[in-house]
Amino acid sequence: MSNGGIIGPANTPTRILTSGVWSMGEQSSAENAGIWPYKTGYANILVVGGGGAGGSSDNTHDGCGGGGAGAFNPMAIAHYATGLEFTVTIGAGGAAVTGGTRGTVGANTVVAASGFTTQTMNGGGGGGTGNNSGDQRAGGANGNASGGGSGRQIGSSVAAGGAFGNDGGAGGGAGAGGGAGAAAGAALASGFGAPGGAGALFVGNNTTYGGGGGGGVYHANNNGGTGGSGGGGNGISLNGSRAQVSGTPSAGAANTGGGGGGGGYIGDVSAAGGSGVVVFSLVGLAAATSGSPTVSTYTNRNTYVFTSSGTLTI
């Protein structure tokens, strides 16, 4: 059967629509020629940037801010043509810092495909230092991600969150918590570290991502701020005299976009942010993948979690 069973002018298939009745052989030939319609599918996609690092102390001043979470963007169900290949680039978390400096921002996570609007989620802002003066006290901002928490917040500004993040909180004597995908970091007085902002739940795999880092402390016998749910790292704690450091600030969890914990009065150290992540939630199975994503099933959908760069074809 030729021409799709239609008598008259040439009935050439297109990628969008083909009418008529076609044999399996004709369909195969048209597919090989790149002129047979795409099948269609549905997908939810989550893109999270790398978390920012907490701020570090100069060994003489107050608590430091926690790092902001990477930008968090769950995309609504969309209608895509199957055969489309997505390229995934995972952003690293911001590196830990020393010497009384603001935390390093996280790196961008990117998802791109032909004919698809590229999704770039910026890394979280770095936490502010606890230094007595200078612009490094303010938490850092970075594009559409969450701002870092401010250190020793006396007279300096708060980092503003972007379109897919929230503001970092203002601090008192202690460092402020980093902002996060769902809630901005808080601020506490009396030398305690403020908690990081809570992250946000992605319904595609029932997992929370993007917690802000907790702020570090200034006074002895006080606790650092806890990291926000979704991978935020804890701020440093002090016990006894200020020279006695109870542990170190903890890093944001890998592949959550969580912010790193802030340093404190003593220790000259911060914690790194957690790397970013990309999650695809599909009605059917992916046609092909690279980069070894973790594959599982949740609520009758197939999820592909990318913790390193790779590709997915639907």
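Me: What makes Asn206 partly exposed?

Reply: This is a predicted model, and the value is computed from it. Asn206 has a relative accessible area of 45%.

Me: Where is Asn206 placed?

Reply: Asn206 is in the loop between β6 (200–202) and β7 (207–209).

Me: What is the phi of Asn206?

Reply: Phi of Asn206 is positive, about 55 degrees, and the residue is not a glycine. Most residues other than glycine have a negative phi.

Me: Why does Ser292 count as exposed?

Reply: Ser292 has 67% relative accessibility. Exposed means over 50%, so Ser292 counts as exposed. Ser292 sits in the loop between β11 (288–290) and β12 (294–298). Its phi is also positive, near 60 degrees, and Ser292 is not a glycine.

Me: How many aromatic pairs does a search of the whole structure find?

Reply: The search finds three aromatic pairs. One of them joins Phe86 and Phe116.

Me: Why is the pair of Phe86 and Phe116 called edge-to-face?

Reply: The centres are 5.0 Å apart, and rings pair if their centres lie within 6.5 Å. The planes stand at 85 degrees.

Me: How do you know whether Phe86 and Phe116 are buried or exposed?

Reply: Phe86 has a relative accessible area of 0%. For Phe116 the relative accessibility is 11%. Buried means under 20%. So Phe86 is buried, and Phe116 is buried.

Me: What makes the pair of Phe280 and Phe306 edge-to-face?

Reply: The ring centres are 5.9 Å apart, with the planes at 70 degrees. The distance is within 6.5 Å and the angle is over 60 degrees, so the pair is edge-to-face. Phe280 belongs to strand β10 (residues 277–282) and Phe306 to strand β13 (residues 301–306), so the pair ties together parts that are 26 residues apart in sequence.

Me: Are Phe280 and Phe306 buried or exposed?

Reply: Phe280 has 1% relative accessibility. Phe306 has 0%. The cut-off for buried is under 20%, so Phe280 is buried and so is Phe306.

Me: Which residues form one aromatic cluster?

Reply: Phe86, Phe116, Phe280 and Phe306 form one cluster.

Notes. Residues are numbered from 1 along each chain as its sequence is written. This is a predicted model: local features need pLDDT of at least 70, side-chain atom pairs count only at pLDDT 80 or more; totals for chains, interfaces and linings use all residues. Side-chain values use heavy atoms; hydrogens and water are left out. Helices (H or I, at least four residues) and strands (E, at least two) are DSSP runs, numbered from the N terminus. Buried means under 20% relative accessible area, exposed over 50%, partly exposed in between (1.4 Å probe, protein chains only). Rings of Phe, Tyr and Trp (its six-membered ring) pair if their centres lie within 6.5 Å; planes under 30 degrees apart count as stacked, over 60 as edge-to-face and the rest as tilted.
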